[in-house]
Amino acid sequence: MKRTSKTPATTERSMVRCAIYTRKSTDEGLDQAYNSLDAQRDAGEAYVRSQAGDGWQAIPDRYDDGGFGGGSTDRPALRRLLADISAGKVDAVVVYKVDRLSRSLLDFAGLMHTFDQHKVSFVSVTQQFNTATSMGRLVLHVLLSFAQFERELIGERTRDKIAATRRKDKWAGGWPVLGYDVDPVARKLIVNPVEAGRVRVIFALYRDHGSLLPVVDELARRGWRTKAWTTKAGAAKGDRPFTRTGLYQTLTNVVYAGKVRHKDAVHPGEHEAIITADVWEKVQTQLARSGKAGGVAEPARFGAILQGLLRCRPCGCAMTPTHATRGAKKYRYYVCNAAQKKGWRTCPSKTVPAAQMEDLVVAQIRGIGKDPALVREVIEQARQQSADRVAELTRERKGVAAELKALHAEVAAVSARLGTGDDGPGLGRLVDLHARVAAAEGRARELDDQLQTARADAIDPAVAASALAAFDPVWGTLTPQEQGRVLRLLVDRVEYDGGRGKVGIAFRPAGLAALGTEWAITEPGEQV
């Protein structure tokens, strides 16, 4: 087939310089002495020799794309060919079949437009028709439509196979995550004992800190990185420092609970769980709670109204409520989690009597409400905290968007390379990519919700001031359960430094606004 919108070469040039373009979707067999790319080039050279009488001559440079699918034009040899066409070095492009150039109707139309601009002919050796006529163009479009149809069928079959595999509780391939290796024979996930220990520590660290960022910092300090993995082609993957997004994906990966996920459905897996169901549920509850500004707290344990709020500043971890019983009397305490695990000598805070700490925090909030200067200072701090939160969420959202863009590009590239019935590493990689896309899209939706909430929670100074001013007269009328709820709504965290005897309170901007509005519409004597 010749594309001759303007007859090339012989009438205007003494020689037609023909570039022979070849492509193969996978790299299988390309290491052989004579492979598919060589066969395609030989066919192209034979055709060019048959047109030697018209001055056709093959360009010695090779334009071979081995291991690249036809669903994308992002191919190195094709880019080089287009550059040579733009430089006026090519008069005709010769391929073995049309789909070697592209399987996408849209991409093919773009390439034809480029060829037209530079008066370059297009020849398909095995499909003899002339696209200079309307009938020839119709046939070409039909061929390309079938090529694109076949590509879409491959994608549908791949997705169906992934879904069927997950429904049968099986791991469907892809890169293993930290804590697991892949049995090379059974193609199943098996526990890597050393890495599994690290995964359990990561979950425990999040249980202690209750926030992603301190855990990311701790993992960086320990030098722990993501799963290192080498593909069959020898490419090194993973082995990167943990990020907030990466840590979140680790903490929400159902594989660690012995399950597999396909889209929104979770199925029991055939692999061994690393994290117990109890720890898994607690971490998911913590994650859900930390994503909601002003979320309703769990019921206070032992009547501890600072549960979930009090943190040990020197150790950077939570202080949890506990108690001791002597006779009929119960003594309540808050204990530093790090001190419990590493020893009392490692922490200057250790323990603090619960009633003493709770009274101190309440007295500080009461005092702030009575001092206009302190109220203004608290409101300014809350404003800055709100702005910092929005900036932090925005940064992470941009990072997730960039990750999604890269993942979608890789999905398109891997899909384009998959052949009909392909059941090899490419399919496994595609499964892994789809799982990562689903996780990243889920995280993006959560961040969008959190950003919307954070932006809507811009603090109103008058409302916040009324909340702090109303705290003192209202506090004594509340039940212990209501006091715990009010503190969790009002306070983001309380930091205690036992070595210096200091207590710091960080307020929750959304809570100040919500409580101010709530108390403003509550009649005296009503419960809040």
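Tutor: Let's start with Arg313, which counts as partly exposed because its relative accessible area is 47%. On this scale, buried means under 20% relative accessible area, exposed means over 50%, and partly exposed is in between, using a 1.4 Å probe and protein chains only. Before going on, please keep in mind that this is a predicted model, in which local features need pLDDT of at least 70, side-chain atom pairs count only at pLDDT 80 or more, and totals for chains, interfaces and linings use all residues. Residues are numbered from 1 along each chain as its sequence is written, and side-chain values use heavy atoms, with hydrogens and water left out.

Arg313 meets the side chain of Glu495 in a salt bridge, at 2.7 Å from N to O. The pair ties together parts that are 182 residues apart in sequence, because Arg313 sits in the loop between strand E12 (310-312) and strand E13 (317-326) while Glu495 belongs to strand E16 (residues 491-497). A salt bridge here is a side-chain nitrogen of Lys or Arg within 4 Å of a carboxyl oxygen of Asp or Glu. Helices (H or I, at least four residues) and strands (E, at least two) are DSSP runs, numbered from the N terminus.

How many salt bridges does the structure hold? There are 19. One of them pairs Arg222 with Glu218, with the closest N and O atoms 2.6 Å apart. These two residues both lie in helix H7, 4 residues apart, or about one turn of the helix. An α-helix has 3.6 residues a turn, so residues three or four places apart point the same way. Helix H7 covers residues 212-222. Glu218 is buried, at 15% relative accessible area, whereas Arg222 is partly exposed, at 33%.

Another salt bridge joins Arg62 and Asp64, again with 2.6 Å between the closest N and O atoms. Arg62 is partly exposed at 34% relative accessibility, and Asp64 is partly exposed at 24%.

Now compare two other helices. Helix H15 (residues 480-490) is largely enclosed by the rest of the structure, because 8 of its 11 residues are buried. Among those buried residues are Val486, Leu487 and Arg488. On the surface, Leu138, Val142, Phe146 and Phe149 form a nonpolar patch with about 410 Å² of accessible area together. Leu138 lies in helix H5 (residues 134-167) and is partly exposed, at 48%. Patches are made of residues with over 30% relative accessible area and no salt bridge, with like charges joined within 9 Å and nonpolar side chains (Val, Leu, Ile, Met, Phe, Trp, Tyr) within 5 Å. Accessible areas come from the Shrake-Rupley method with a 1.4 Å probe, and for residues only the protein chains shown count as cover.

Finally, a word on confidence. The mean pLDDT (the predictor's confidence in each residue, from 0 to 100) of the protein chain is 78, and 80% of its residues reach 70 or more. Over residues 1-12 the pLDDT is below 50, and beyond near neighbours in sequence this stretch has 40 contacts in the model, a contact being heavy atoms within 4.5 Å. Where pLDDT is low, the predicted coordinates should not be read in detail.
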